[in-house]
Structure formats: C-alpha cells, structure tokens
Amino acid sequence: METLQYLLPQVWFGILALFLFLYVMLDGFDLGVGILSLTSSSEKRRSILMTSLSNIWDANETWLVLMGGSLFGAFPLAYSTILSALYVPIFVMIFGLIFRAVAFEFREQATNKLFWNFAFGAGSFLAALGQGFALGGVLEGIRVDANGHFIGTTWDWLRFPTIVVALTLIQGYVLIGSTYLIWKTEGELQKTHYKTAKLAAITTLIGAILITVVTPIFYESARDRLFSQPLVYIFSLIPILGIVLIGLLLRSITRQEERTPFIWTILIFVLTFLGLAMVVFPYIIPPTITIYQAAADPSSMVVMIIFVGALIPVMLFYNIYQYFVFRGKVTEAAYEE
C-alpha cells in the first residue's frame, strides 16, 4: 500500500501533464487561428481560416474536459484550491471558449458576419488570455493554510510575472496557429502566415527569455529548485535547446518549408512543458502542497486508471483519424466568386 501511495500520485501527475500538453498543442493552434482571424483582410480569407478548423476543433477541446475531470478525481484538494485561487482567469477562459463556440456556429448562418467574426476572434483571445493567467498564477504560487485550503485574495494571480506568462502564451498560440495555416493553406494566404509565424517566433522567444529571467527573481521556491544540484545543469540546457529549436524554426520559415515549421513548433512546446513540469514537480499546489498530500485514496486512483487507460487510446485514435481524413489543404479556389 505504501508503494501505491508513492507511485500512483506520480502516475497521475504524468497523466494530467499529458492531457494538458495535448490540449495546449491541439487547441492551441485553434486559438491561434482564431486570434489571427482578427487580422484577416477579407471575408474570403477569414472563411478559409475557419474552414481549416471546422472538422477538428470540437475534438481538440475534449482533452481540457478530461483533464478537469481527472484532476477532480485524482487530486480533489488541488481541484478545489486551484479553482478558488484562479476563479477569475478560469472564468475568462470558459467564457472565451463558449463565446467562440457560439460565434463559430452562428457565423455560418448569419447574413452579416461582422459581429460573429469579431466574436470568434475575441473569444479565442480571451480563452488564451485566461489560460495564460491561470498558468502564471500556478507558477506564482497559491497561498494556502495548513490543510491546503486557499487563503489568498481574488487578485493574487495578477502580477507582472503572470502578465509576461500570459502574453507569451498568446504569442505561442499565434505561432502554432501560423505554422498550422502554413501547412493548410497556399498562395498569398500562406505567404502572409510565413510572415506572422516569423514575427510570432521572435516575440515568443523574447517572452521566453523574460520568463527565464523573471522566474528565479520573483519566485523563491523556483529559484531554490533551479539552482540546486544537479538540476541546475538540466535547467541550463533547456534554454539552449529552446534557442536552437527557434533557430531551426526560423530557418524553415525562411526556406518557406510547409510542414517542418509546425513540427519545430510542437518540439518547442514539448521542451517548454518539460521545463515547467520540472519546476513544479512534485507540487500540485505550488509551493507548499505536494502530489502526495493532495492525492485521493489509492483505490479510487486505481479505478480511475483503469477507465482512463481504456479511454486514452480511443481518443488518440479518433484524433489521429480525423487529422488523417482532413489532412488536405483548404484552397482559395473553393472561395472564388
């Protein structure tokens, strides 16, 4: 039983990290495309952007729902405390997701699409902003009492470091959205998103550098962990690899390659998540409550693993299948008047 109490929280931490990564990667380019739709110069171009998402975006958000349910079941204390501490950014995120979903459907039936076009882009931006502040709030740390219950204020998450994290996440979404559109479009629209991808890569790099500098300055718990032996060598390697990947991404954009920019961007997201996981682990409510303190009963976690373990392959297969079926480009010719 002691072995299970030690291993199960680690397993569930890994599962939740997987769900979060899949959501950010898949719905990230959805949100990025939505934000980019605000800059579209014509209704035809905007229609192409939204058509590129029409058959896949619903399934991408499933990972967020699964992550929320799994967090509630595996770490109920963390679920209640994190939602209490980050009520405002989570509300903004949910409102944005609902707003963009409604706009996506109503736009298809509307005669005047101007309002719904703006609603889709604004909803995407709000969802990304809420997620960025929520991530920054977790990294910032949540004030809790001895029992792990939230004792802070409603606006604890709103500080300079969390603003930097939020803006950087938005740029990351614009980057992965741009590289996705490079893959899915052609002609002048594709050339436009080579430019937005290059700009987003540079701004994302600047944001990542700011986060790297700000984190050890503002967060004492993170500073102690970052400069501890032997983790300091691993953490030193992550920024170097990040700069290399950004360089490879910019080179692929300059060469106007179609698929490799998206692949390099995914690898940048993978590297970022590995760094964040190493900073946070083993805390589920940084910087005080660990995964072992917040874990549910081992029997509950075992039962959940059985069901979730059967569900993950089904969802992965469905995601892979839909991307395979709708793998072609969305061409401008289909929208010629």
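**Exercise 1. The largest cavity**

Determine which residues line the largest cavity of this predicted model, and how the residues of that lining divide into nonpolar, polar and charged.

*Solution.* 
Step 1. The lining is made up of Ala85, Leu86, Gly137, Glu140, Gly141, Ile142, Phe150, Asp156 and Trp157.
Step 2. Each residue is then assigned to a class, with Gly counted as polar. The lining divides into five nonpolar, two polar and two charged residues.
Step 3. The space in this largest cavity is about 50 Å³. The model has two cavities of 30 Å³ or more.

**Exercise 2. The second largest pocket and its aromatic residues**

State the volume of the second largest pocket, identify the residues closest to its centre, and describe the aromatic pair formed by Trp183 and Phe262.

*Solution.* 
Step 1. The second largest pocket holds about 420 Å³ of space. Its lining comprises 21 residues, of which Phe29, Tyr180, Trp183, Phe262 and Tyr323 are the closest to the centre.
Step 2. The lining divides into 14 nonpolar, two polar and five charged residues. At least two lining residues come from each of helix 1, helix 8, helix 12 and helix 14 (298-325).
Step 3. Phe29, Tyr180, Trp183, Phe262 and Tyr323 also form one aromatic cluster.
Step 4. For Trp183, the relative accessibility is 24%, so this residue counts as partly exposed. For Phe262 the value is 9%, so Phe262 counts as buried.
Step 5. The rings of Trp183 and Phe262 lie 5.4 Å apart, centre to centre, with 65° between their planes. Planes over 60 degrees apart count as edge-to-face, and the pair is accordingly edge-to-face.
Step 6. Trp183 belongs to helix 8 (residues 160-184) and Phe262 to helix 12; the pair therefore ties together parts that are 79 residues apart in sequence.

**Exercise 3. The nonpolar core and Ile284**

Identify the residues that touch the most other members of the largest nonpolar core, and list the contacts of Ile284 beyond four places in sequence.

*Solution.* 
Step 1. The largest nonpolar core has 95 residues, and Phe75 and Ile284 touch the most other members.
Step 2. Helix 1 (residues 2-37) gives the most to this core, namely 17 residues.
Step 3. When residues up to four places away in sequence are set aside, Ile284 touches Phe13, Leu71, Phe75, Ala78, Ile82, Ile289, Thr290, Ile291 and Ala294.

**Exercise 4. Gln256 and Val232**

Describe the backbone of Gln256, and decide whether Val232 is buried or exposed.

*Solution.* 
Step 1. Most residues other than glycine have a negative phi. Gln256, however, has a positive phi, near 55°.
Step 2. Gln256 is in the loop between helix 11 and helix 12, and it is partly exposed, with a relative accessible area of 46%.
Step 3. Val232 lies in helix 11 (residues 231-254). Its relative accessible area is 17%, so Val232 is buried.
Step 4. Apart from neighbours within four places in sequence, Val232 is in contact with Leu226 and Phe227.
Step 5. Val232 and Leu189 stand 43 residues apart along the chain, and their C-alpha atoms are separated by 43 Å.

Technical notes. Residues are numbered from 1 along each chain as its sequence is written. This is a predicted model: local features need pLDDT of at least 70, side-chain atom pairs count only at pLDDT 80 or more; totals for chains, interfaces and linings use all residues. Side-chain values use heavy atoms; hydrogens and water are left out. On a 1 Å grid over the protein atoms alone, a cavity is a set of points where a 1.4 Å probe fits but cannot get out, and a pocket is an open set with protein on both sides within 12 Å along at least five of seven lines; lining residues have an atom within 4 Å of a point. Grid points are joined across faces, edges and corners, and a volume is the space filled by probe spheres set on the points. Helices (H or I, at least four residues) and strands (E, at least two) are DSSP runs, numbered from the N terminus. Buried means under 20% relative accessible area, exposed over 50%, partly exposed in between (1.4 Å probe, protein chains only). Contact means heavy atoms within 4.5 Å. A nonpolar core is a set of buried Ala, Val, Leu, Ile, Met, Phe, Trp, Tyr and Cys residues joined through side-chain atoms within 4.5 Å. Rings of Phe, Tyr and Trp (its six-membered ring) pair if their centres lie within 6.5 Å; planes under 30 degrees apart count as stacked, over 60 as edge-to-face and the rest as tilted.
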